[in-house]
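The entries follow in the order in which I looked things up.

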Protein chains: 2
Amino acid sequence: MKFVCSKTNLVNGLQIVSKAVPGKTTMSILQCILIDTTTGVIKLVANDSELGIETLVEGNIVDRGIVAIDAKIFSDIVRKLPDNDVSVETQNTDGNIKVYISCENAKFTILGRGGEDFTYLPEMDRVDGIEISQYTLKNAIAQTIFAAGSINESNRMMSGELFCVNGNVLKLVTLDGHRIAIRNVELAKEYPSKKIVIPAKSLNEISKILSDSTESMVKIYSSDKNIMFEFDDTVVVARILEGDYFNVDQMLSSDYETKLTINRREFMNCIDRSTLLVKEGDKRPIIVAIDDSNLEIKINTALGSMDEKVRINKQGKDVQIGFNPKFLMDALRAIDDEEIDMYLVNPKAPCFIKDEKSSYIYLILPVNFATVR
Amino acid sequence: MKFVCSKTNLVNGLQIVSKAVPGKTTMSILQCILIDTTTGVIKLVANDSELGIETLVEGNIVDRGIVAIDAKIFSDIVRKLPDNDVSVETQNTDGNIKVYISCENAKFTILGRGGEDFTYLPEMDRVDGIEISQYTLKNAIAQTIFAAGSINESNRMMSGELFCVNGNVLKLVTLDGHRIAIRNVELAKEYPSKKIVIPAKSLNEISKILSDSTESMVKIYSSDKNIMFEFDDTVVVARILEGDYFNVDQMLSSDYETKLTINRREFMNCIDRSTLLVKEGDKRPIIVAIDDSNLEIKINTALGSMDEKVRINKQGKDVQIGFNPKFLMDALRAIDDEEIDMYLVNPKAPCFIKDEKSSYIYLILPVNFATVR
């Protein structure tokens, strides 16, 4: 096999497929990237069976063929080559596959492997694909993924993110037992209903290779085992989590006793300052006291005390409620609005941060500060 | 005590003096910053006895006084305050000193200490001070300090940097037993001769607070125990290393068998690529083969092999010589010239990289590759 392409193209392609190369594994073939030029295009593939990525690199094929190369060594070498055309050539000698990588005066030789042990991406039907801009999908993932539970969670579904299509709305949902994050994204047209749970870990890697373009689209297809994202010259297939996701609608409520409007930035800065006096690892909640015109945060630790008021608009009852400051911060960071609305019932009931059309809903469970103090 | 100043000024002042606050210490007073407003200026001081820094902060003093405050907590709080005027006030109650820090609606209270245990900077005579721009000093330090030995070095003088004044030249020298770095900086006028060895650790902190300004000057004074740097509103005093520095001139030589001129950037990129196939921790030298028109680097490891030629201009003999690639890279990075000259004698003699007027001299000992292979 031999092909020539620009260093930039090859680096980009390798960066994309490397997202599906696991950091640690005992199976060395999983740490390889397959280069397949047998079909007349330069195709890079990586696949760890949870997540598989395939992308095309523009260039000239001199000799068609297949080789699997260690992803890390190959990427390191290509990244440090001069900014010029790179030639990649393989040669079989005595059962060994030698890979020659050259660019200007630099010549590297490393060992490659045949493609026999390599698993390609599963075949999938491209029917009923929903379409969404890369920017919108990337954003909606970033604005929800932080609330997914860790992989070690007792309930495995918590480590996933729900993709739910209903008419012309794509709803993304994550939860971890202490909070729920929901984004509703409007699609350009109506689609058949669909519910899929994708491991947050896979989705995180996918969001890294989505561009910020509002023009360029992603097509999303699914089967009962996999979900496929197709965009630019890239195809990503992720194994889905089988089983039923939580009935989230049941956990939401529109009743409230207190509604307040607060400047998001001021609230975040105030929370940020309130955690200064808390030592790392100390799970102390912050106590938020709401009266007619102020939200006040007070904290008192061995290091000192802090007290700050933020102006608010309030309807309903006064209330004092305790929160894990990280959960509040995560939700506030995921919102773009300058002013946000918070809905509270009492110190033991969930708090909601949401906009009027429910394009986002963040539910956060309070912390019982009476027992903590 | 009470004073009011802008957050920006206070953050800047704290950043400067914090460089003299040790990361770890059993003496908690060393982790404090002293605020002294008794003389009508807001003076911040930190001093760990190796290095002491004092700086002035612009602001209004309402009540003169002294307080010592934990550097980390105080800096963290101030850094996160809104961008506005900050008020710092102390109050003695029941033998405790409370420090109130407030800015807009944010109010912090932390404990302070009296200044009794705090050691001020040693007094020094301001005579025979040499003057140099902050930019020039900062640069000359950066271009030499990397070759100083570590503090654990058997020979303590290796962990220092020589400041040597001779006529109108300031010479900075570091060495670690494998290499020497020398910078000769021209001063605006002649000064009495002087030789001082400053711990590289202290010099590193000082260079962090020097600005990049070619206009603004540093004045340097010394006694037999200390060296003082005075610039902007800041005074830095560092303990010096007592004893004789190495006779470096004896180690330099202008004889050579091979002289070559090479593009610095191309040489660096080539070295950088040659180390790709070397696993971390493997102290394998790179073998540099010099013939009439090329410098060739070859490397062969378990991961693969690499070979690259860089065009050179050469006078004298062909030679093959082994180097620790890090030492070459450190020296090349410290030079600004596009083309550099290397002087070689044989594979066992030191190699020199220097310019014609010796504004920089980098000596690197080769590695005996015959025995390594």
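In which order do the 8 strands of the open sheet of chain A follow one another? I read the order as β6-β2-β3-β4-β15-β14-β13-β10 of chain A, with antiparallel pairing; strands here are DSSP runs (E, at least two residues) and helices are H or I runs of at least four, numbered from the N terminus, and two strands pair if DSSP finds at least two bridges between them.

Before going on, I noted that this is a predicted model, in which local features need pLDDT of at least 70, side-chain atom pairs count only at pLDDT 80 or more, and totals for chains, interfaces and linings use all residues. Residues are numbered from 1 along each chain as its sequence is written, while chains are lettered from A and ligands numbered from 1 in the order in which they are written.

I looked up the edge strands and found β6 (66-70) and β10 (130-133) of chain A, each of which pairs on one side only. Neighbouring strands of this sheet are turned by 20° against each other on average, direction ignored; axes are lines fitted to C-alpha atoms, for helices over the stretch in contact, and angles run from 0 to 180 degrees between N-to-C directions. For the antiparallel strands β14 (226-231) and β15 (234-239) of chain A I found 6 bridges, and A:M228 has A:V237 in β15(A) as its bridge partner.

**Helices on the sheet.** I then saw that α1(A) packs on the sheet, touching β2 (32-36), β3 (42-47), β4 (51-57) and β15 of chain A, with its direction at about 170° to that of β4(A); residues are in contact if their C-beta atoms, placed from the backbone, lie within 7 Å. Helix α3 (134-142) of chain A also packs on the sheet, where it touches β10, β13 (217-222) and β14 of chain A, and its direction makes about 85° with that of β10(A).

**Helix pair.** The axes of α1 (7-18) and α2 (71-79) of chain A come within 10 Å and cross at roughly 150°, which makes α1(A) roughly antiparallel to α2(A) (the term covers angles over 145 degrees). I listed A:K7, A:L10, A:V11, A:L14 and A:S18 in α1(A) as meeting A:A71, A:F74, A:S75, A:V78 and A:R79 in α2(A).

**Domains.** Chain A is divided into domain 1 (2-112), domain 2 (130-251) and domain 3 (258-372), with bounds from an automatic or database domain assignment. I noted 28 Å between the centres of domain 2 and domain 3 of chain A, taken over C-alpha atoms, and their contact takes 11 residues from domain 2 of chain A and 11 residues from domain 3 of chain A.

Definitions and conventions. Parallel < 35°, antiparallel > 145°, perpendicular 65-115°, else oblique. Contact = placed C-beta atoms within 7 Å.
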